[in-house]
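These are my notebook entries on a structure that I looked up today. I recorded confidence, helices and packing in turn.

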Amino acid sequence: MKIKKYNFDVILFFILITFMPLHNLVFSKILGDIKILSLWRDAIIIYLFVFSTKMKIRKNAMEIGIAISMAVILLFAVASGSVSSFNIARTYCIPLLIFFYTSRKKFLAREFDAIVKIMVIIAIGVSIWGLGQAFIIGPEIMFKLGYSNAGGRFASTSFYINGWTQQRVIGTFSSPNGCGAYFACMLIFLFCVEDRIKNKYLFLGAFCIIGLGLIGTFSRSAWIGCFIGIICCGAIKIKKIKKKNFQILLIVIVFLLLLLIPLSETGMLSKMFAMVFSHIGKTVSKEDASFAYHLQQLYKPFFDLVGHPFGLGFGTNGSFALGHLAVEDTHQVESSIWVMAYELGMIGALVYYFPYLYIILHFYKEKKDRIIRCAVGICICILLIYCCLPSVQSYEQPFYVMLFAGFAMKKSKEIQRRK
């Protein structure tokens, strides 16, 4: 058997996409006592950035937009006068740098196939682990691995949905919503690389397993984001999809039955879908106080910012601030859009989100290439999640937006050269 050889930068990239979804469980929980190890992904991303750019920014809107966004964040961090602000700025900035590598690196076909395999296999593994842990094994194993325990339950109420004691799926992440956003991105990606997976039964099986994981997170924002993201990607080859509708639907039903029959023996299936229907029902009827609060958070923070054009103080907002400030000295808000406005002011937030808007406006016109459409779908998905959750303060979600945007930029340039 011939062993395939890869360049050092590609090997590092493989390591990055393999362990990025596993980071919280492996490096924050299991190996959490060795703090320096938590910087592994920063080190790889910075190396890939330097390797691909030689510290030179190209004169295009996306690269300049990211550079200006990072400069604004660093300026606010310096102005805050707080050492902890630099760690917050690091988490905001470093994930954006992956765009420079994926937009400049010309991956060989076999390298991109390896990327697809790694991402899909890891997503399947995280989903199987998450479903098994939440609905079969129980939370005790997570407590042993380092998650906080409050009398046999997770300390945070966000690990449960209103009216149920059953834990939501968290996989290897720090929260169900973070896990849901990851599954949403992977389902959109899987949908867009269907043509690269030769065995369609494997594709459908993977789609069902990851889809079940997404359902088990009970993250409404991820559900909606994934659905809208796939619709955006599905604008390609509509006629072809219509002709195959019945066949695809039949195969999906068969796969679901084969997958769900053994699960039903554990009681997992009936409990999960009872929770789903309850969750949707309370959302539609507005009985869910959390949902009502999220709706208010879409507009109420605006009034807090009217007299504060430069925000409410960098490093004093969202969950990041709780790491070094008392809760009464912080500003908590549910929407990532407003988190950034609290951090940088309204204009600063627009600067930060410019690359996201550019991805949609620049690439949406491309109707034929699935990799380009994937970047649009994932960006829209994450922005919808950002509207409802403060997850801009996570590492993974900005990372995946910029990773796929880089792939799209590279593909777009190749298409333009062929014209």
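The entries below follow the order in which I looked things up.

**Entry 1: confidence.** I noted at the start that this is a predicted model. I looked up the mean pLDDT of the protein and found 87. I also recorded that 84% of its residues reach 70 or more. I then turned to residues 236-243, where pLDDT stays under 50. For this stretch I found six contacts beyond four places in sequence in the model.

**Entry 2: helix 4.** I located helix 4 at residues 61-80, a run of 20 residues. From its first C-alpha to its last I read 28 Å, close to the 28 Å expected at 1.5 Å a residue. I then asked which residues of helix 4 are buried. I listed M62, E63, G65, I66, S69, M70, V72, I73, F76 and A77. I found that these buried residues pack against helix 5 (83-93), helix 6 (98-104), helix 18 (336-363) and helix 20 (396-418). After helix 4 comes G81, for which I noted a positive phi near 70°.

**Entry 3: helix 5.** I recorded S85, I88, A89, T91, Y92 and C93 as buried in helix 5. I looked up the partners of the buried residues of helix 5 and found helix 4, helix 17 (318-321) and helix 18.

**Entry 4: helix 7.** I located helix 7 at residues 109-137 and noted its 29 residues. I read a reach of 40 Å from its first C-alpha to its last, close to the 42 Å expected at 1.5 Å a residue. Just after helix 7, I found that G138 takes a positive phi of about 100°.

Conventions
Residues numbered from 1 in each chain as written. Predicted model: local features only at pLDDT ≥ 70, side-chain atom pairs only at ≥ 80, totals over all residues. Heavy atoms only, no water. Helix = DSSP H or I, 4+ residues; strand = E, 2+ residues; numbered from the N terminus. Expected span 1.5 Å × (residues − 1). pLDDT = per-residue confidence, 0-100. Contact = heavy atoms within 4.5 Å. Buried < 20%, exposed > 50% of the residue type's maximum accessible area, 1.4 Å probe, protein only.
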